[in-house]
Structures are given as structure tokens and as C-alpha cells.
2 protein chains.
Amino acid sequence: MSRQAPTLEDVAREAGVSRATVSRVVNGVRNVDPAIQEQVRRAIERTGYAPNRAARSLVTRRAETVALVVSGAGDSSDGAQAAFAARVFADPFFGRVVAGIVGFLRPRSVHPVLMFAESAEARQEVLTYLRQGRADGALVVSTHADDPLPALLAEARLPAVLFARPSRPVRLSYVDLAHRDGGRLAAERLLDRGCREPVTISGPLAVAASQERLAGFRDTLARRGHRHVPVAEGGFTLDSGIGSMTDLLAQHPDLDGVFAANDLMAQGACQVLREHGRRVPDDVAVVGFDDSTAALDCRPRLTTVRQPVEDMAAEMARLLDDHIHGARTRPTSVVFAPELVVRESA
Amino acid sequence: MSRQAPTLEDVAREAGVSRATVSRVVNGVRNVDPAIQEQVRRAIERTGYAPNRAARSLVTRRAETVALVVSGAGDSSDGAQAAFAARVFADPFFGRVVAGIVGFLRPRSVHPVLMFAESAEARQEVLTYLRQGRADGALVVSTHADDPLPALLAEARLPAVLFARPSRPVRLSYVDLAHRDGGRLAAERLLDRGCREPVTISGPLAVAASQERLAGFRDTLARRGHRHVPVAEGGFTLDSGIGSMTDLLAQHPDLDGVFAANDLMAQGACQVLREHGRRVPDDVAVVGFDDSTAALDCRPRLTTVRQPVEDMAAEMARLLDDHIHGARTRPTSVVFAPELVVRESA
DNA sequence: GTGAAAGCGCTAACAT
DNA sequence: ATGTTAGCGCTTTCAC
């Protein structure tokens with residue numbers, strides 16, 4: 001903040017070469033005499049030079065930054081932003097997304113700007129941010145099915161990649177999980193353990209992933225002779241897991257297997273079961289979904305369907321990178337396979 | 001991405017005025033004829049103009065961006081970044097910090113870039129980022145007491161504000177909580193309920209906040225006649241709460257009150273107590289700390305010492321803003337008061 | 001109140 | 001292999 005920061009010019013003078021040469025060594029361009037290279041490097045050291053990014057971005061037309069946007073539903077009022085942010089981060093899922101993204105981005109020196117798009121105004125802000133060239137593209141994680149942001153992004157022809165297939169088709173790349181297969185894995189596990197009265201706590205049915213996990217679960221059970229499977233719709237929160245499990249237990253006291261559409265709800269279910277004197281897994285087997293930290297926090301530790309979130313998030317970043325650098329023109333989708341992780345709860 | 005983005009020049013031509021005038025209306029500078037103002041506004045609309053931020057930053061020397069850095073301990077290997085990120089986000093505390101920060105920054109159109117500084121290399125990256133002018137300052141949340149980043153930042157004279165007083169004094173502003181008072185509130189609550197055998201699960205004793213919460217708790221108890229209070233050191237995780245409570249229960253079966261240094265550990269403690277047939281709060285009263293989402297997730301809901309994290313985080317952002325704009329020259333500290341929130345657990 | 005023009009610090013043609 | 005130079009798109013004196 002005190003004295004003016006040194007510029008290329010300063011370094012050039014110090015090293016007795018031209019600005020262009022300094023620029024070349026800074027950017028690692030070949031065709032520079034090793035001796036001069038060293039000379040410049042020392043001048044940089046002495047002056048404490050750090051290239052001004054605004055100047056560079058102005059000519060390269062690259063911000064080396066991507067927007068990491070957590071996108072909400074339709075029209076929550078703008079004051080709800082704080083609550084929205086807090087809620088998002090309360091889910092261990094999001095931490096894994098960040099980890100995966102940063103893992104890919106960091107070695108490439110690109111940085112994520114955190115944005116929340118929970119209102120119409122906030123969405124416009126995301127678009128403006130990109131159009132101003134402050135970020136080269138967007139990585140979007142929607143918390144709701146009918147998120148309008150993807151369509152806006154596609155229409156503005158801004159580079160973007162989504163986590164999960166959008167409910168309405170949009171010309172944007174995305175990564176996703178084969179949720180139906182995940183539901184199948186859960187069903188098979190319960191069946192293989194000999195469950196006779198399986199039930200399920202689904203995610204919000206407005207979310208496609210919830211639908212598919214449920215469908216996979218139901219279809220598999222149906223194929224093995226279970227025509228009617230009790231379902232309670234949850235909201236992916238611990239609280240909703242507790243509520244749903246309580247209801248299910250009241251209506252179907254004989255249940256002996258539970259598939260919860262995420263680990264947080266499974267954790268809630270385990271709590272309720274224990275409080276009602278049911279042992280997990282001996283009396284009731286419980287299978288979760290995600291393999292998040294909640295799966296390990298839970299007692300007993302959760303048998304769960306693993307979603308390779310970090311890998312998926314890294315792939316998002318990779319796809320976006322390709323789009324930004326023109327290596328990929330058409331929207332692409334990459335679908336990952338779930339995997340059953342057997343622990344103690346089933 | 002297709003055709004070139006419109007520039008000031010384009011808008012100026014479209015509106016039949018000079019670049020300077022357009023710039024003035026874009027930046028809301030007075031001294032522009034209302035009629036021309038409207039004329040320009042329409043031209044902007046028609047062309048779909050969005051000011052190029054790199055160009056603006058180049059002249060204003062402002063990125064309108066701050067680094068939000070989560071800073072770890074000494075020297076975790078660089079590959080640990082993913083685990084570090086996931087762990088950080090698993091704590092509901094961080095979501096509240098983000099909410100508070102974004103709440104302040106958004107109305108000012110400044111955006112947070114997420115950075116992790118868990119290794120020496122990562123810390124250098126943060127410094128470089130700031131020196132390149134990509135961010136105007138840093139908001140630092142350390143997860144460890146001996147975080148070297150604050151000193152590096154201060155030495156480089158880069159604008160930065162910390163969450164919590166650093167263990168070694170550093171010429172940087174920070175916000176903090178009166179942790180000792182928090183410990184006192186917890187002790188008083190337990191005593192007022194008539195607890196005779198209080199115990200505590202502390203945070204990591206390397207963390208100053210843990211020490212102070214413990215000191216406040218102990219001092220208050222001592223003053224009321226409890227000379228010796230059993231302590232188990234936890235790690236602020238649910239798991240460590242479970243472990244500590246189990247130990248405490250084994251060694252002090254008569255305990256009837258627990259103060260856990262955060263809600264996550266309190267939640268773990270409640271689990272263990274219930275499993276051992278102790279009713280909360282009838283047999284054992286439990287007081288948490290933070291008033292995070294964990295306090296509500298817990299059954300029974302946690303009586304806890306509230307830390308106004310969102311307000312503290314917003315204040316961090318405000319302090320940084322002041323430093324960046326030269327409104328504040330000397331390091332300042334703002335200490336917030338904790339507050340007891342009574343629910344069901346005590 | 002408005003315009004002309006001088007940079008901000010950098011990269012990338014183009015010359016040499 | 002190195003230097004010269006023309007911008008990138010914007011803000012901001014300084015004249016008018």
C-alpha cells in the first residue's frame with residue numbers, strides 16, 4: 001500500500017533488458033538466453049515484482065477465475081441470502097464439491113469466486129460478472145430443480161457447467177450420477193440381508209435425483225416381489241430424516257429395512273430407530289446415500305451408496321476449462337457410477 | 001463468446017457522445033445533462049454493454065474482490081488440500097462466516113475468492129494473489145493457533161482482517177468473542193440448575209479460544225466452590241465429543257452437568273449420554289457453544305452460548321473495507337459479547 | 001457540462 | 001534471441 005508496486009518496466013531497467021524479454025521469462029516463453037533468463041529472474045527477486053493481473057487480463061482476455069455459483073430456487077427474497085448460504089454450507093456435500101473443484105483448479109492457478117444466486121437479482125449479478133470478464137466461466141450447483149440460471153447462462157452463451165442434469169434440457173455440459181443405479185444398489189443390499197419390509201425416505205420429489213433414486217429402489221424391489229413400498233418424502237436435512245422415520249415407524253411398525261436418499265436423513269433415521277428401541281442393523285437395516293462425513297458421524301457407521309462427489313466436481317472444472325479454451329464446443333455430459341460402501345448399518 | 005463484446009467506444013458512437021461522457025454515466029458521476037444521461041442509458045441497453053473490469057481495475061487499482069482465506073496449521077502436505085477443504089466445510093461455523101461476509105460485501109459489489117492456505121506453498125499463493133492486485137485484501141479464518149499467515153500478511157503490509165486474535169501479536173485488525181464470558185455463562189447456567197458435579201469437554205487447548213472458554217468456566221465454578229472440575233480435551237468434532245463424553249462418564253459416573261466447548265461436541269455428548277441411559281437434561285444438563293445449526297439438530301435441542309458469527313464476519317468485512325479505502329490506518333479489534341440461549345438441554 | 005488525450009501495465013506482432 | 005511498438009478498454013485530468 002505504501003510505495004508504488006514495481007512494474008515490468010522497473011524490472012527491465014534493473015536487468016538491463018527490454019520489457020518484452022522480462023515478459024517472456026515471466027510467462028515461461030522459450031527463446032530466451034538462459035543467462036539473460038537468470039539475470040531477469042534475479043532482477044525480479046530484487047525488485048519484488050509481481051505482475052499486475054488487471055493489465056494482463058486486459059490483453060489476454062482471461063481472468064483466470066471461475067464463478068462457483070450455488071444457485072437456489074425461483075424467487076426467495078434477497079434478504080434470505082444469509083440463511084441460504086448457511087443452509088448450503090451445512091450440507092457436507094458442498095464441502096466435497098469445493099474440494100474437488102479446488103483440487104483441479106489450483107494447479108492451474110485459477111481461482112473460484114463464490115456466488116449465491118438465490119434471487120432474480122442475484123442471478124443477474126452472476127451474468128453481469130461473467131460478461132464483465134471477471135470470471136471466465138461458471139460452475140453451477142443448483143439446490144432446486146427449477147433453477148432458472150442454467151437457461152440464462154446458455155442463452156447468453158456464457159461458458160458454464162452444471163452439477164446434475166437440469167430439469168429442462170439446456171445446451172450446457174453437466175456431470176451427474178447414475179442415481180437409478182444407486183437406488184438399485186440400496187435395494188439389493190437390503191434384500192440380500194433378508195429384509196422383508198423395506199421402506200424408504202426419499203429426497204424432495206421435485207428433484208430429479210430423488211425421483212431416480214426412488215425409481216431405482218422401487219423397480220428393483222418390485223422385480224423381487226415387493227409391489228408396495230412405503231415412502232416418506234424428506235428434504236435432505238437431518239430434521240426431515242427424523243420426521244420421516246418417525247412417521248414411517250408409526251405406520252409400519254414391522255419395517256426392517258430403510259433406504260434414506262442421503263446420509264443426513266439416514267443419520268436422523270438411525271437416531272429415531274434407536275430411540276424406539278430398534279437396533280441397527282439387527283432389527284432394522286439402514287442404507288444411506290452419498291457417503292458424506294455424516295456417514296461416519298453416524299452411529300452405527302452408515303452403509304451407504306457412494307457418490308464420488310470430488311471426482312464429479314473435478315470433472316466439472318475440467319469440462320469448463322475445456323470450454324473456456326475452446327477445446328470443446330458442444331455440450332457434454334459425464335455420468336458417474338455409484339458404488340455401495342458397506343459399513344455397519346446394513 | 002462469439003462476437004466481440006461492445007466497449008465504451010461502441011456505446012459512445014451509438015449515443016453520439018464521447019467515451020468520457022459514457023464513462024461518467026456508467027459510474028454515476030454528477031455533472032451530466034439528464035437528457036444525455038438518458039440517451040446514453042438507452043445506448044447501453046441497445047448494445048448490451050458491460051464494462052470490462054480488467055480495464056477499469058487497471059486504472060482504478062482496485063479489484064473489488066477480497067480473498068476469503070481459510071488458513072490451516074503449519075505444514076500439512078499439499079495433497080491434503082481436499083481433505084482440508086472438506087473438513088472446514090463440515091463445520092457449520094464456516095457457513096455462518098460466509099453468510100456474514102457475503103451479506104456485507106454483496107451490496108457493495110465486492111466478491112469473495114475462496115482460498116485455502118494449509119501449506120507453505122498455498123500461503124505464498126495467497127500473498128502473490130494479493131500483490132498481483134487480484135484481490136484488495138484478505139479475510140482470514142485460521143483453524144489453528146500457530147497459523148503463520150497473519151504475520152506474513154502484516155509483514156507484506158497487505159490489508160487483512162482476522163477472525164479471532166492471533167496467538168502471537170500481529171499488526172492486523174481482528175474481530176473476536178469474549179470467550180471467557182461465554183465460559184462463565186455456561187457455568188452459571190449449570191450452577192443455577194443445581195448441578196453438583198459439572199464437567200467439561202474443552203476445545204483443543206492449543207487454540208486460545210478453547211483456553212479462555214475453559215478458564216471462564218473454571219473460574220466461575222471455583223468462585224462458587226467447585227475447586228476441581230474434570231476436563232476432557234476435544235477437537236471440536238462430533239467424534240471427539242463422543243470420545244470425550246465416554247471417557248468422562250467412565251471416570252465420573254456421577255456427573256450431572258456438561259459444558260462442551262462447541263455444539264458439535266455437545267451433540268456427540270448428548271448421543272453418548274442417551275446411549276448410557278442418562279436423560280438430558282433431567283439426569284445430566286448439557287450446555288454447548290456457538291449456537292450453530294448443530295444446536296438445533298441435536299435432540300434435545302441444545303442450550304448453548306451464542307457466538308454472533310454472522311455479525312462478527314460482517315464486521316470483519318467492514319474493517320477490511322475501511323482499511324482498503326484508507327478510512328482506517330491502525331489495526332483495530334472488535335470484541336463481541338456472547339449470549340446464553342436457553343433451549344432444552346440445560 | 002462535454003470532449004480530447006494521456007496513460008494504467010501488460011502481451012504479442014513485427015522488426016531486427 | 002531480443003527490442004520496438006501498437007494496442008487491450010477504461011478513467012481522469014485538463015481544456016473548452
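Visitor: Which residues are closest to DNA strand C, and how many surround it?
Guide: 27 residues surround DNA strand C, and the closest are A:Leu8, A:Tyr49, B:Arg24, B:Ile36 and B:Arg61. A residue is near a strand if one of its heavy atoms lies within 4 Å of it. Sugar and phosphate make up 66% of the atoms of DNA strand C that come within 4 Å of the protein.

Visitor: What kind of model is this, and how is it numbered?
Guide: This is a predicted model, where local features need pLDDT of at least 70 and side-chain atom pairs count only at pLDDT 80 or more, while totals for chains, interfaces and linings use all residues. Residues are numbered from 1 along each chain as its sequence is written, chains are lettered from A and ligands numbered from 1 in the order in which they are written, and side-chain values use heavy atoms, with hydrogens and water left out.

Visitor: Which base atom of DNA strand C does A:Arg19 approach?
Guide: A base nitrogen, which lies 2.8 Å from a polar side-chain atom of A:Arg19. A polar contact here is a pair of N or O atoms within 3.5 Å.

Visitor: And what about phosphate oxygens of DNA strand C?
Guide: A polar side-chain atom of A:Asn27 is 3.1 Å from one. For B:Asp33, a polar backbone atom is 2.7 Å from a phosphate oxygen of DNA strand C.

Visitor: Switching to DNA strand D: which residues are closest?
Guide: A:Arg24, A:Ile36, A:Arg61, B:Leu8 and B:Tyr49, out of 27 residues that surround DNA strand D. Sugar and phosphate account for 61% of the atoms of DNA strand D within 4 Å of the protein.

Visitor: How far is B:Leu8 from a phosphate oxygen there?
Guide: A backbone N or O atom of B:Leu8 lies 2.4 Å from a phosphate oxygen of DNA strand D.

Visitor: Which helices supply the surface near DNA strand D?
Guide: H2 and H4 of chain A and H2 and H4 of chain B each supply at least two residues. Helices are DSSP runs (H or I, at least four residues), numbered from the N terminus.

Visitor: Is B:Leu58 buried, partly exposed or exposed?
Guide: B:Leu58, in helix H4 of chain B, counts as partly exposed because its relative accessibility is 32%. Buried means under 20% relative accessible area and exposed over 50%, with partly exposed in between (1.4 Å probe, protein chains only).

Terms used:
A polar contact is a pair of N or O atoms within 3.5 Å; within protein, one must be able to donate a hydrogen and the other to accept it, and residues adjacent in sequence count only if both atoms are side-chain atoms.
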